[in-house]
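Please keep the sequence and the model in view while reading.

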Amino acid sequence: MTPVRTITVTGEGTAEAVPDLLTLTLAVEVRRDAAEAAYGDAGAIVSAVTDALRGHGVAGSDLRTSGLNLRADLVWAENQGQKVSGYVASTTLVVRVGPPSAAPAAISAAVAAGGDNLRIHGIEQGFTDASAVAARAQEAAWREAEAKAARFAALAGDRLGLVLSIDQRPEHGSPVPIMAGMQRASAREGVPIEAGSVAVSASVVVQWELDSPAPA
């Protein structure tokens, strides 16, 4: 039996789009003399922050608590060792805001509600539904793989036959901000957010069977 001859190539593709969703990571941290006071005040501040965000159009389903911590705040005292100087209660809130143009005012309202106890730990731009952008990146990756395979097959005097395997790497591309075409999300208050294009990449490994041209 004649062994099956194959060719395996990797295709890379990228698609760009303007993000319509912004994800914030906020943290509330409260220090008090007593654990109960720290815990209670942290809860009150989180409630004030979430109420402020809801007042700026953030839906309850777009608010998520991702961490809760209550610990003793320890200090070193000479000839006494470690002593408890108070208690710290902290929690993290993940907030989705869309469109990004609404983010500056919403962030300002959260900062006003949380005061000195609020921290901003990160901001990420993305898509409400990334599937359409990911599909475009996958199509671009496929086209590159097919063109590359056809070119190598022609150089070998063959042509592409059946597709034997497809391996997508990774399964979903990760959004990556790019500097081109940035547009400012204006607001009456707060730090402006630059809503630039976001790129999603895809990679695919495809194996084809090689066919020899029919004799003339």
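## An aromatic pair

Rings of Phe, Tyr and Trp (for Trp, its six-membered ring) count as a pair if their centres lie within 6.5 Å; planes under 30 degrees apart are called stacked, over 60 edge-to-face, and the rest tilted. By this rule the structure holds 1 aromatic pair. Its partners are Trp142 and Trp208, with ring centres 5.7 Å apart and planes at 50 degrees, which is a tilted arrangement.

Helices (H or I, at least four residues) and strands (E, at least two) are DSSP runs, numbered from the N terminus. Trp142 belongs to helix α3 (residues 131-155) and Trp208 to strand β10 (residues 198-211), so the pair ties together parts that lie 66 residues apart in sequence. A residue is buried under 20% relative accessible area, exposed over 50%, and partly exposed in between (1.4 Å probe, protein chains only). Trp208 is buried, at 3%, whereas Trp142 is partly exposed, at 27%.

## Basis and confidence of the model

This is a predicted model, in which local features need a pLDDT of at least 70 and side-chain atom pairs count only at pLDDT 80 or more, while totals for chains, interfaces and linings use all residues. Residues are numbered from 1 along each chain as its sequence is written, and side-chain values use heavy atoms, leaving out hydrogens and water.

The pLDDT is the predictor's confidence in each residue, from 0 to 100. The protein chain averages 87, and 87% of the residues score at least 70. Confidence is highest in helix α1 (residues 35-54), with a mean of 96, and lowest in strand β8 (residues 183-185), with a mean of 42. Over residues 178-188 the pLDDT is below 50.

## Overall architecture

The protein chain contains 3 helices and 10 strands. Along the sequence they follow the pattern β-β-α-β-β-α-β-α-β-β-β-β-β. Of the 216 residues, 35% are buried.

Gly98 and Pro99 are joined by a cis peptide bond, with omega about 0 degrees. Most peptide bonds are trans. Pro99 is located in the loop between β4 and α2.

## Nonpolar cores

A nonpolar core is a set of buried Ala, Val, Leu, Ile, Met, Phe, Trp, Tyr and Cys residues joined through side-chain atoms within 4.5 Å. The largest core has 23 residues, of which Leu24, Leu26, Val49, Leu53, Leu93 and Val95 touch the most other members. At least two residues each come from β2 (21-32), α1, β4 (81-97) and α2 (103-114). Helix α1 gives the most, with 6 residues. Apart from this core lies another, of 18 residues, including Ala15, Ala145, Val204 and Leu210.

Contact means heavy atoms within 4.5 Å. Leaving aside neighbours within four places in sequence, the contacts of Leu26 include Val49, Leu53, Leu93 and Val95.

## Salt bridges

A salt bridge is a side-chain nitrogen of Lys or Arg within 4 Å of a carboxyl oxygen of Asp or Glu. The count comes to 9. In one of them, the closest N and O atoms of Glu29 and Arg31 are 2.9 Å apart. Glu29 also meets Arg119, at 4.0 Å from N to O. Arg119 lies in strand β5 (residues 118-126) and Glu29 in strand β2, so this bridge ties together parts 90 residues apart in sequence.

Asp73 and Arg71 form a further salt bridge, at 3.9 Å. Asp73 is partly exposed, at 21% relative accessible area, and Arg71 is likewise partly exposed, at 34%. Salt bridges that share partners join Glu29, Arg31, Arg71, Asp73 and Arg119 into one network.
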